[in-house]
Amino acid sequence: MQDGIWKIYAAVTQQELPISSQDPFEYDYWSTLFFTKKKDSSLRSYFNEKGAFIGEFVEETLLPISNGYLYNKANKFQQKIAVINQEGVKILEQIDEILVWDNFETFAFRQGKQWFLYNTDTHEILLKEIGIQKVMFNDIRYHFNDLWVLKSENQLGIFDAKNKKWIIELDKSIESIDAFNHSYFLILKDKKHCIDNQNKYKQY
């Protein structure tokens, strides 16, 4: 505090952040943002590590995605989930469900009955034309970053959302997809087990 004004000093760069406040700053460990409280309000003023103002949100409703993106959980001021980019701009709203995995640069979100993928590196929605019915929950996310098992028109496939390409094209004959480890997928197709080593698709 200097002359009754609170500031933030970055130890790594040995510089002050370009923000100040008459109220003390606090740190949100979930979103890794700084914030100040407002009197008679549950809203907080949030700032990122560069000192840029992100916006006013209810405390503990902001969670990180990747590349500086955040999502704002539903709360009393906002009935559905919203996604915020690095500049604090709401780029996606009216989200019913969101899936965010560790070490992914992409995330999945559902609006109504349809799912979408978003790439935080290229800042774009993916597969808008496909009509994703479902994003499957399985162990692939623990072994392969940014790979999503998707269902569309009763077809299953694996999409590499970081590189924007299908690893396994949508196929009606595939009944389930999972992963053994970092090298092999396990696929149930036409009642027969298949193994895919990322580059080849072999049936045994």
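How many bridges join strand 8 to strand 9, and in which sense do the two strands run? Three bridges join strand 8 (residues 70–72) to strand 9, and the two run antiparallel. The structure is a predicted model, in which local features need pLDDT of at least 70 and side-chain atom pairs count only at pLDDT 80 or more, while totals for chains, interfaces and linings use all residues. Residues are numbered from 1 along each chain as its sequence is written, and side-chain values use heavy atoms, with hydrogens and water left out.

Strands (E, at least two residues) and helices (H or I, at least four) are DSSP runs numbered from the N terminus, and two strands are said to pair if DSSP finds at least two bridges between them. Strands of a sheet pair through backbone hydrogen bonds, either parallel or antiparallel.

Ile81 stands opposite Ile95 in strand 10, and the bridge partner of Ile84 in strand 10 is Lys90. Ile81 and Val83 point one way from strand 9, whereas Ala82 and Ile84 point the other way, and all are buried. Here buried means under 20% relative accessible area, exposed means over 50%, and partly exposed lies in between (1.4 Å probe, protein chains only). The hairpin of strand 9 and strand 10 has five residues between the strands, and Gly88 in this hairpin takes a positive phi near 85°.

Another open sheet of four strands has the order 3-4-5-6, again with antiparallel pairing. Its edges are strand 3 (26–28) and strand 6 (53–58), each with a single partner strand, so one side of each is left without a neighbour in the sheet. The twist in this sheet averages 35° from one strand to the next. Four bridges link strand 4 (residues 33–37) and strand 5 (residues 43–47) in the antiparallel sense, and Tyr46 in strand 5 is the bridge partner of Phe35.

Strand 12 (residues 106–111) and strand 13 are antiparallel and share six bridges; Tyr118 in strand 13 is the bridge partner of Phe107. Their hairpin has two residues between the strands, and Gly112 takes a positive phi near 70°. Strand 13 and strand 14 run antiparallel and are joined by three bridges, with Ile125 in strand 14 as the bridge partner of Tyr118. Five of the six residues of strand 13 are buried.

His123 is found in the loop between strand 13 (114–119) and strand 14 (124–126). In this hairpin, which has four residues between the strands, His123 takes a positive phi near 60°. With a relative accessibility of 42%, His123 counts as partly exposed. Apart from its neighbours within four places in sequence, His123 is in contact (heavy atoms within 4.5 Å) with Tyr69, Gln86 and Tyr118.

Grid points are joined across faces, edges and corners, and a volume is the space filled by probe spheres set on the points.

The largest pocket holds about 230 Å³ of space. It is lined by 14 residues, of which Leu33, Asn48, Glu49, Gly68 and Tyr69 are the closest to its centre. One cavity of 30 Å³ or more is found in the whole structure, and the largest cavity has a volume of about 80 Å³. Residues that line the largest cavity include Trp101, Phe137 and Arg141. Strand 16 gives the most to this lining, with three residues.

Notes: On a 1 Å grid over the protein atoms alone, a cavity is a set of points where a 1.4 Å probe fits but cannot get out, and a pocket is an open set with protein on both sides within 12 Å along at least five of seven lines; lining residues have an atom within 4 Å of a point. Axes are lines fitted to C-alpha atoms, for helices over the stretch in contact, and angles run from 0 to 180 degrees between N-to-C directions.
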